[in-house]
Amino acid sequence: MLRYIVRRLMWVGLVVIIITMLTFLIFYVIPPTDPAISFAGKNQGPEVLALIRKRFGLDQPVYVQYGRFVKHLFLGDEYGWPGFGFSYASQSPIRGELFKRLGITLQLAVGGAIAWLIIGIPIGIVSALKRRSLTDRAAMGFALFGVSAPVFWLGLMALYIFWYRLHLLPGTGYIGFGVSPWQWFTHWIMPWLVLALLFAAFYARMVRGNMIEAMSEDYIRTARAKGLSERRVITRHAMRSSLTPVVTMFGLDFGGLIGGAIVTESVFNLRGLGSWVVDAVFSGDIPIVIAVTMFGAITITLLNLFVDVIYAFLDPRVRYS
Amino acid sequence: MTVEITSPEPDGDTLLSVRDLKVHFDTSDGVVKAVDGVSFDLAKGETLGVVGESGSGKSVSFMTIMGLITRKQAHIEGEVVFRGQNVLDMPADEMRSIRGSGMAMIFQDPISSLHPLYKVGWQIVEAIQAHEEVEKKVAWERAVEALERVGIPNAPQRARQYPHEFSGGMLQRAMIAMALVLNPDLLIADEPTTALDVTVQAQILSLIDRLQQEFRMAVVLVTHDLGVIAEHADNVNVMYAGKLVERGNRDQTYYDSHHPYTWGLLQSISRLDEKQERLRPIKGGPPSLINVPKGCSFHPRCPYRFDPCDKVVPELVEEEFGHSSACHLSIEEKKRIFASEVVVSS
């Protein structure tokens with residue numbers, strides 16, 4: 001197992017290297033806009049642009065630029081470790097801003113994930129156990145709604161109803177926990193729930209399917225034949241098998257959110273990674289794009305590894321060698 | 001059409017008494033009459049063989065007796081009296097406490113019948129703890145003992161393994177260990193060897209035989225293999241389309257069978273010890289349980305059918321001591337046909 005983890009970690013390293021190279025190539029070799037122009041503005045003379053290129057090393061060959069980029073990444077730059085460089089547009093170091101925005105994205109992702117697990121899993125289980133009942137139909141109707149409703153629409157509707165009309169919840173924006181824990185919480189309710197709804201719907205459907213399948217397994221009949229209570233049959237036998245695959249799904253979905261829940265962040269005006277990277281793509285602020293891409297890639301590959309390791313403990317039939 | 005049957009009782013005492021049991025399922029295509037009026041008695045310590053094709057209702061009737069099919073899933077009528085109590089009218093929790101400790105059941109495919117994510121020993125511990133307040137450590141020791149008793153080598157290590165680390169035969173032994181760990185009075189074995197290799201089948205059956213002596217329990221052997229029954233059963237129930245069509249002791253069913261369906265089953269057994277050109281299967285397939293043929297449900301496939309067979313349902317009648325059949329042929333005709341046409345060697 002340990003050898004497996006070490007080998008997988010080496011793979012993570014390789015994946016990260018490949019991803020940095022690809023992102024670097026895409027944005028440096030065929031940039032959407034000239035980095036020097038996005039730094040200096042359009043009205044500068046060629047001498048100024050040349051000077052900027054020289055200062056940023058943009059006049060050097062690609063492999064030199066890439067080498068410097070990797071060196072900064074691993075050894076840090078003048079702004080600290082890891083060195084992500086300097087944003088052209090805001091003319092400030094990326095590192096501090098990245099961690100600040102990561103904090104917001106993490107709060108969104110963790111809160112949303114807790115919400116969708118709390119909503120999705122019980123709905124799926126109850127639906128499966130009361131199959132074809134009114135409860136089941138209502139739950140699956142909800143799931144269909146959740147899967148089909150686009151997040152931007154859902155977010156705007158939620159804002160319109162709960163903030164603008166009913167004044168039940170505050171509007172967009174972010175209040176730090178240190179400023180006011182209660183306001184921090186109320187500001188998060190809508191983003192969490194809106195983000196959670198889509199996933200809750202998927203999880204409800206998945207858990208329902210797994211659960212129905214598990215309840216028809218032979219080992220459930222055996223569990224009943226042993227004289228176990230129905231409650232124990234459901235919780236210890238059926239749920240044990242039907243929730244194990246959820247771990248895999250959850251790892252992937254959660255990892256995806258770290259790269260930024262772009263739409264949710266935009267609708268609720270949360271200054272997280274997602275909205276940042278979208279702005280950066282449009283303004284040609286390449287260092288930001290590279291930093292966020294890298295960050296997302298590393299989290300996703302690490303989460304994948306984590307999920308695989310956990311899974312080996314949850315399902316004894318899985319053995320890595 | 002309740003028919004009282006007096007069966008030979010080896011130990012004298014009746015353990016299980018089933019009267020006019022009906023199990024009907026509502027489906028979108030109509031009512032499936034999976035079990036349609038079955039009555040029989042089972043004595044303490046007796047081995048009852050139950051034969052019939054797939055869909056004859058043999059599994060369903062015993063799943064109902066075990067309380068694994070309940071009134072929530074099916075229309076159930078009749079009486080199932082186990083140790084003097086009608087289990088069909090019992091509250092679910094009381095029935096649960098009998099299940100696993102009073103009567104236990106093992107199934108066809110041991111690999112899918114155990115939970116893949118739990119250790120085999122743990123699954124036995126769970127069975128013990130469902131009925132007795134025992135510490136986990138004590139229960140674990142009993143589980144290991146149970147595994148030893150069914151002939152699993154290295155039981156303490158094996159108990160800590162998962163089902164996928166067992167072979168099919170070893171797993172069926174573990175299932176038996178789990179079923180018997182609370183010394184039940186009745187073991188229902190639903191096709192216990194069908195999914196296993198032929199060489200393992202004999203081992204499992206003789207294991208059941210041995211444990212039956214040891215625990216003095218009654219065994220119901222549900223199978224479609226008459227050969228299995230010939231070697232292990234005291235009495236035989238032959239089921240067809242949800243009904244009992246013949247009931248007798250082993251010798252009566254083998255050497256003096258009274259029902260054309262049983263004749264068909266006997267002739268479909270392949271034999272290595274005598275010259276036989278080809279098997280003689282029963283023509284046709286089992287009937288739909290939604291539109292059961294009128295009259296005798298076997299009549300469309302019966303080579304001896306005559307006038308009343310497609311109109312009148314034959315009752316299960318005891319024609320000799322302990323030997324009943326549901327067929328319109330007279331007993332003389334049955335004896336004549338069996339003696340002259342049905343090939344069974346001793």
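Chain A and chain B together bury about 2,100 Å², and carbon and sulfur atoms account for 59% of that area. The model is predicted. To the contact, chain A contributes 20 residues and chain B contributes 26 residues. This briefing covers the interface and then chain A itself.

**Polar and charged interactions across the interface**

- Between chain A and chain B, 14 residue pairs are in polar contact, with both residues at pLDDT 80 or more.
- The interface of chain A and chain B holds 2 salt bridges.
- One of these salt bridges joins B:Glu126 to A:Arg232, with 2.8 Å between the closest N and O atoms.

**The side of chain A that touches chain B**

- Helix H9 (218-225) and helix H10 (230-258) are the elements of chain A that give two or more residues to this side.
- By residue class, this side of chain A consists of 9 charged, 6 polar and 5 nonpolar residues.

**Fold and dimensions of chain A**

- Chain A contains 13 helices and 0 strands.
- Its pattern along the sequence is accordingly written α-α-α-α-α-α-α-α-α-α-α-α-α.
- Along the principal axes, the C-alpha atoms of chain A occupy a box of roughly 85 × 60 × 35 Å.

- Chain A has 321 residues, of which 44% count as buried.
- Among the contacts of chain A between residues at least 6 apart in sequence, 66% link residues at least 24 apart.

How values were computed. Residues numbered from 1 in each chain as written. Chains lettered and ligands numbered in written order. Predicted model: local features only at pLDDT ≥ 70, side-chain atom pairs only at ≥ 80, totals over all residues. Heavy atoms only, no water. Contact = heavy atoms within 4.5 Å. Buried area = accessible area lost by both parts, 1.4 Å probe. Salt bridge = Lys/Arg side-chain N within 4 Å of Asp/Glu carboxyl O. Polar contact = N/O pair within 3.5 Å; in protein donor to acceptor, adjacent residues only side chain to side chain. Helix = DSSP H or I, 4+ residues; strand = E, 2+ residues; numbered from the N terminus. Nonpolar A, V, L, I, M, F, W, Y, C, P; charged D, E, K, R; others polar. Buried < 20%, exposed > 50% of the residue type's maximum accessible area, 1.4 Å probe, protein only.
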